[in-house]
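Student: I would like to learn how to read a protein model. Could we go through it feature by feature?

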Amino acid sequence: MYLHKELETMSRPEIEKLQLERLQATVKHCMNSPFYKKRFEENNLSPDDIKTLDDLRKIPFTTKQDLRDTYPFGIASVPLEKCTRLHSSSGTTGNPTVILHTEKDLQEWAKAVARCLHMVGLRPGDVFQNSSGYGMFTGGLGFQYGAEHLGMLTVPAAAGNTKRQIKFITDFGTTALHAIPSYASRLYEVMEEMGIDPRKDTKLKTLVIGAEPHSEEQRRRIEEMLGVKAYNSFGMSEMCGPGVAFECTEQNGLHIWEDYYIVEIVDPDTLEPVAEGEVGELVLTTLNREAMPLLRYRTRDLTRVLPGECPCGRHHKRLDRMKGRSDDMIILKGVNIFPIQIETILLQFKELSTDYLITLETKDSNDDMTIDVELNDMFTDDYGRLQSLAKEITRQIKDEILVTPHVRLVSKGSLPKSEGKAVRVKDLRKTF
Ligand code: ADP
Ligand code: ZN
């Protein structure tokens, strides 16, 4: 049931004891990094000041800007000759950042990913196909080495060429697939076109979905379409990549591996810790990284720690489904909106497919929102029905976000598809 039983089933006091030991060692090691050494000196701080886990709060945050300012190798705590690989973030929100790894870091990363995959029931004998781009994107090699470490037969199909991807699934008897949620829906569409019924014609049973925000509704759709269980996987290049937090079979929050990371949730404005169970910015400290440990890294991802115990027997904290990044937040007519709030409503309508695009414009000096959403195949072009459907969607969205959008129902396949992570928002507003 557990891959690393002694680590996976630690009690809270055991977790915290290990965390303190590893934190103290990490902070000492960070003094090999000119960046952290200077930071500590500027703040009159020494590694000896970290006597308890609460003392972590004495240490200043590390930000994405710090990584950019020291691009490419500036924060490393080991000489470059000790590193065996580098990865770079996909650069969704700006300049890329670089993360260095030693051989040991790569092994630890593979173990973390293997633990996640094992947790959802994958075992040697499973055939694991990865539809992520290989290369700089960590979803490729990250899952590759994790799945190999677990001993599964791996199919490194990589991104693109959907028909070939499907052929691999049927020919190789793929039982588990890693895909970003928007691509999982795309796969189903193409299977339908090819006359393949995923329930009958494939052995797929497990999907690992992550890398982009998605709603519970989106997950349920994917599970229904492909006849699988889909598990949410969270990670980011700065924390290695996949393997940071993952759902167990309870599908109720993502266990974050606290032997690898210390979790804090802070108010993004005041940077003070939020009250227990409240949403805020996720801040992570790495606990067993050699090449490039990061202290109190501000991820910009918004989530909360779920209260209560998980029935699976693991005491590692559970993160709630990501609400989005602080930079994904739309401010429209003074109201704060997350795309995921809109997605949650849209996907409750079975007449709609999973693809949508939110466009923000300035009209007569006012903010204006249009939502284009694709219809399902089965839905006819009965004009009256379409009109009342659009009206109902508009009403429900207005109730949620307090702004009235223009909802346009478009035919299936007509919205642009992105190669990697889905682009859900187009902001064409004029800045005054
Ligand atoms: P980039 O920052 O350029 O997108 P990464 O590939 O490192 O590069 O992406 C990490 C980010 O992807 C996370 O910080 C988070 O915003 C998002 N992400 C990853 N997994 C999930 C998930 N399961 N749910 C929501 N968002 C996710
Ligand atoms: Zn659990």
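Tutor: Start with pairing: two strands pair if DSSP finds at least two bridges between them. Helices (H or I, at least four residues) and strands (E, at least two) are DSSP runs, numbered from the N terminus. In strand 6, Ile209 is the bridge partner of Ala179. Now the ground rules. This is a predicted model, where local features need pLDDT of at least 70, side-chain atom pairs count only at pLDDT 80 or more, and totals for chains, interfaces and linings use all residues. Residues are numbered from 1 along each chain as its sequence is written, chains are lettered from A and ligands numbered from 1 in the order in which they are written, and side-chain values use heavy atoms, with hydrogens and water left out.

Student: How many bridges join strand 5 to strand 6?

Tutor: There are 4, and the two strands run parallel. On to strand 7: 5 bridges link strand 6 to strand 7, again in parallel. Thr206 has Lys229 in strand 7 as its bridge partner.

Student: What is the strand order in the open sheet?

Tutor: The open sheet has 8 strands in the order 4-3-5-6-7-8-9-13, with mixed pairing. Strand 4 (153–155) and strand 13 (318–319) stand at the edges, each with a single partner strand, so one side of each has no neighbour in the sheet. Strand 3 (residues 127–130) runs parallel to strand 4, joined by 3 bridges. Across that pair, Val127 stands opposite Leu153.

Student: Which strands does helix 6 touch?

Tutor: First, contact means heavy atoms within 4.5 Å. Axes are lines fitted to C-alpha atoms, for helices over the stretch in contact, and angles run from 0 to 180 degrees between N-to-C directions. Helix 6 (residues 138–150) packs on the sheet and touches strand 3, strand 4, strand 5 (176–179), strand 6 (206–210), strand 7 (229–234) and strand 8 (245–247). Its direction makes about 170 degrees with that of strand 3. Helix 7 (residues 162–171) lies across strand 3, strand 4 and strand 5, at about 175 degrees to strand 3.

Student: Which residues are buried in helix 10?

Tutor: An α-helix has 3.6 residues a turn, so residues three or four places apart point the same way. In helix 10 (residues 216–226), the buried ones are Gln218, Arg219, Arg221, Ile222, Glu223, Met225 and Leu226. Just after helix 10 comes Gly227, with a positive phi of about 65 degrees.

Student: Where else is the backbone worth a look?

Tutor: Most residues other than glycine have a negative phi, and most peptide bonds are trans. Cys240 is not a glycine, yet its phi is positive, about 90 degrees. Cys240 is in the loop between strand 7 and strand 8 and is buried at 6% relative accessibility. Arg300 also has a positive phi, near 70 degrees. Arg300 belongs to strand 12 (residues 297–303) and is partly exposed at 21%. The peptide bond from Tyr71 to Pro72 is cis, with omega near 0 degrees. Pro72 sits in the loop between helix 4 (64–69) and strand 1 (83–88).

Student: How many disulfides are there?

Tutor: A disulfide is a covalent bond between the sulfur atoms of two cysteines. The test is a pair of cysteine sulfur atoms within 2.5 Å. The count is 0. Take Cys83: the closest cysteine sulfur, in Cys240, is 12 Å away, too far for a bond. Cys83 is buried at 15% relative accessibility.

Student: How many aromatic pairs does the search find?

Tutor: A pair of aromatic rings is described by the distance of the centres and the angle of the planes. Rings of Phe, Tyr and Trp (its six-membered ring) pair if their centres lie within 6.5 Å; planes under 30 degrees apart count as stacked, over 60 as edge-to-face and the rest as tilted. The whole structure has 4 such pairs. In one of them, the ring centres of Phe168 and Phe172 are 5.2 Å apart and the planes are at 20 degrees, so the pair is stacked. Phe168 is buried at 18%, while Phe172 is partly exposed at 43%.

Terms used:
Buried means under 20% relative accessible area, exposed over 50%, partly exposed in between (1.4 Å probe, protein chains only).
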